[in-house]
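Notebook open. Today I am looking up charged side chains and their partners.

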Amino acid sequence: MSFITATNLVWSTPNGERVLANINFNVGKERVGLVGRNGIGKTTLLKLLTGELSPHSGSVSIVGTIGVLSQNVQTRSSDTIANLFGVRTELNVLKRAAVGEATIEELEEADWTLEDRIATSMAKVGLHMPLDTRLADLSGGQQTRARLGAVVFRQPDFLILDEPTNNLDRSGRGAVIDLVKGWHAGAIIVSHDRELLETMDAIVELTSLGATRYGGNWSHYRDCKEIESLAAEQDLASAERRVSELERKAQVAFERRERRAANGARRNARGDLPNIILGVRKNSAESSGGASVRLAERQKEHALQASIAARSKVENVQTLSVSLPSSNLASGRRVLKLTDVTAGYGLDHPIIRNCSLTIVGPERVAIVGPNGSGKTTLLQVIVGNLKPLSGTVDISVNFAALDQSIGVLDPEASIIDNFRRLNSTSTENMCRSTLARFHFRADAALQQTGTLSGGQMLRAGLACVLGGAEPPQLLVLDEPTNHLDLDSIEAIEEGLNAYDGALLVVSHDERFLSGVGIQREFRLGK
């Protein structure tokens with residue numbers, strides 16, 4: 001029986017900033033998706049599970065073997081696929097055996113099934129290429145798939161994967177998803193890929209409140225989360241109403257006691273009752289009035305504690321709800337026309353050939369195709385950063401483009417200064433209100449753009465290019481969801497759905513394309 005158990009894990013940065021606190025969960029022979037906002041500690045948690053980091057307190061228990069696919073791996077220029085599998089020596093023995101040069105001892109220990117088993121592992125991730133292929137000659141997506149094939153080859157009891165579908169094209173994503181679907185051992189997978197998360201047996205959500213497990217896949221988790229969040233908010237509202245009621249009750253009790261004391265003082269001043277009776281009445285009033293006040297205060301304190309407990313179950317997360325000025329793009333207006341465009345970085349090896357595309361009105365179009373087919377190159381031609389080798393490009397409306405680095409923003413300037421630069425006719429009030437709609441309120445708008453996370457950067461870019469008095473009539477986006485967490489992706493979908501201009505997007509995330517209402521695809525490559 002194999003399992004991974006985390007018990008009361010606590011970890012902080014070297015400067016003392018708490019990242020994880022009291023994390024508890026258990027994973028057996030099942031596929032578990034680990035989700036949470038960027039910066040919440042998902043990758044840190046994986047490093048604690050694999051031993052790359054040590055917890056400041058708490059423990060990790062692992063029974064079984066693990067295979068790890070990390071986001072960033074350094075390789076040498078000479079490394080080949082065989083290096084990933086760690087079998088270069090064994091493969092050399094087989095090569096020498098094939099030409100009759102292996103020793104008797106080598107022949108006795110040779111693994112004659114090795115090449116077939118490696119080929120099977122590579123096929124599981126959709127790769128078919130020689131083992132002496134240099135990693136430097138592979139695309140980033142191909143390298144990820146090859147590394148995953150090497151992890152699977154070792155047949156671990158647990159796969160630990162950190163964003164395995166990042167930077168993969170549709171074919172690569174499909175291969176990884178199929179592999180995970182067919183994986184019958186344990187797995188812990190950090191991902192923002194909703195299609196991949198649909199294959200999970202359980203979801204563990206990491207938040208500022210800790211780690212919470214939900215049985216079932218992504219859709220089941222979202223349904224449970226919605227019900228849970230609504231119940232928690234209702235409990236909090238009820239607890240806060242109870243606090244208000246008891247505060248009023250305590251105030252009434254206090255005021256009643258004060259009135260009794262004042263009335264008693266006036267009677268004492270008249271002197272029409274014997275002192276002994278006055279003393280008895282005074283003591284009785286103070287006793288009953290004080291008891292009422294003390295009871296009301298105790299009830300209020302209990303209600304406050306209940307309110308604090310209810311609030312602790314509600315994570316403070318702001319959702320994005322955006323209203324934007326109209327782009328005033330007419331439905332029959334021609335937006336873009338490409339005619340027989342061939343482009344690349346050399347006449348001998350063009351990347352795209354004879355591309356023709358027309359967008360009319362507020363159409364939403366996705367450029368799709370495998371890695372290396374020229375999607376980003378085509379966008380560079382469309383926005384004017386690269387001249388076509390032949391053919392013509394005609395954009396007949398004003399447009400804005402957001403690449404993966406959000407290069408339209410000056411990283412040295414604040415968010416609000418970037419907005420003013422890109423929207424010079426906007427008033428200060430419009431500037432502030434627009435940034436607030438994208439959750440950059442007050443001092444948050446003064447942040448230096450270069451310090452923002454990926455999700456914040458894209459949100460700032462959308463605010464600056466779409467939030468002016470006259471939004472562009474065409475918005476061009478290149479892989480906008482790369483490295484974003486799920487909350488950020490859904491927020492960006494919300495923002496784009498409020499935009500009424502034409503949209504041209506490069507993305508491998510089919511859920512995202514569906515979420516922003518893509519109407520047709522323009523395919524490059526095979």
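This is a predicted model: local features need pLDDT of at least 70, side-chain atom pairs count only at pLDDT 80 or more; totals for chains, interfaces and linings use all residues.

Lys375 is buried, yet I found no salt bridge for it. The nearest side chain of opposite charge belongs to Glu479, 5.6 Å away. A salt bridge needs the nitrogen within 4 Å of a carboxyl oxygen, so that cut-off decides such cases. I placed Lys375 in helix H11, which covers residues 375-382.

What does Lys375 touch, leaving out residues up to four places away in sequence? I listed Ile367, Val368, Gly369 and Pro370, then Val506, His508 and Leu524.

Next I turned to the salt bridges. The structure holds 19 of them. I looked up several.

Entry on Glu205 and Lys225. I read 2.8 Å between the closest N and O atoms of this salt bridge. The pair links distant parts of the chain, 20 residues apart. Glu205 sits in strand E8 (residues 202-207), and Lys225 in helix H9 (residues 218-270). Buried or exposed, for Glu205 and Lys225? I noted both as buried.

Entry on Arg134 and Asp137. Their side chains meet in a salt bridge at 3.0 Å, N to O. Arg134 has 35% relative accessibility, so I logged Arg134 as partly exposed.

Entry on Arg420 and Asp417. The closest N and O atoms of this salt bridge are 2.9 Å apart. Both residues lie in helix H12 (residues 415-422), three residues apart, about one turn of the helix. Arg420 is partly exposed, at a relative accessible area of 35%. Asp417 also counts as partly exposed, at 39% relative accessibility.

Methods. Residues are numbered from 1 along each chain as its sequence is written. Side-chain values use heavy atoms; hydrogens and water are left out. Helices (H or I, at least four residues) and strands (E, at least two) are DSSP runs, numbered from the N terminus. Buried means under 20% relative accessible area, exposed over 50%, partly exposed in between (1.4 Å probe, protein chains only). Lys and Arg count as positive and Asp and Glu as negative; His and the chain ends are not counted. Contact means heavy atoms within 4.5 Å.
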